[in-house]
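Hello,

Here is the structure for you to look at. My notes follow below it.

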Amino acid sequence: MHEANKYKAKQKLVKGGFMAEEDNIIDGFQISYRENLMGGIGQWQQGWWAYFTEDKMVAIRALANIVIPYKNIRSIGKCRYVFFLPVGISITFEHPESGEEVTEKFYMMKGKKWRQFLADKAGIDLS
């Protein structure tokens, strides 16, 4: 992500209350995510954005945006297999507001790199 785009994205995220002014965007790109419907059934939605800052991951989605502080991540796994290859990231974390444990699933390019990045930031081992 170019510096000019990071600047514009940061201004929007700060204005929206998703990140602090002193935080910085490391990278951002388009993702797909699994929208949870009733009873654990879900549907993959395409064309949304994820931003990785120094402190958290922010996923901009259609229905509700997700803010995942790295310190709240409990586990990171693989999901959404295509021809036996994992193309998704499953993140289980403690929701910052409710305190409940939540699992969200995302598809993003270079998933292995971002799984490792999240694990390093969260201070956990990949399973």
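What share of the contacts in the protein with a separation of 6 or more comes from residues 24 or more positions apart? The share is 42%, where contact means heavy atoms within 4.5 Å.

Some ground rules. This is a predicted model: local features need pLDDT of at least 70, side-chain atom pairs count only at pLDDT 80 or more, and totals for chains, interfaces and linings use all residues. Residues are numbered from 1 along each chain as its sequence is written, and side-chain values use heavy atoms, with hydrogens and water left out.

The fold: two helices and seven strands, in the order α-β-β-β-β-β-β-β-α. Both are DSSP runs, numbered from the N terminus (helices H or I, at least four residues; strands E, at least two). Of the 127 residues, 38% are buried (under 20% relative accessible area, 1.4 Å probe, protein chains only).

Now the rings. There are seven aromatic pairs. Rings of Phe, Tyr and Trp (its six-membered ring) pair if their centres lie within 6.5 Å; planes under 30 degrees apart are stacked, over 60 edge-to-face, the rest tilted.

Phe29 and Phe52 have ring centres 5.7 Å apart and planes at 35°, so this pair is tilted. Phe29 sits in strand S1 (residues 25-36) and Phe52 in strand S2 (residues 42-53), so the pair ties together parts 23 residues apart in sequence. Phe29 is buried at 15% relative accessible area; Phe52 is buried at 0%.

Tyr70 and Phe117 have centres 5.9 Å apart and planes at 85°, so that pair is edge-to-face. Both residues are buried.

Phe29, Phe52, Tyr70, Trp114 and Phe117 form one aromatic cluster.

Best wishes

Methods: Buried means under 20% relative accessible area, exposed over 50%, partly exposed in between (1.4 Å probe, protein chains only).
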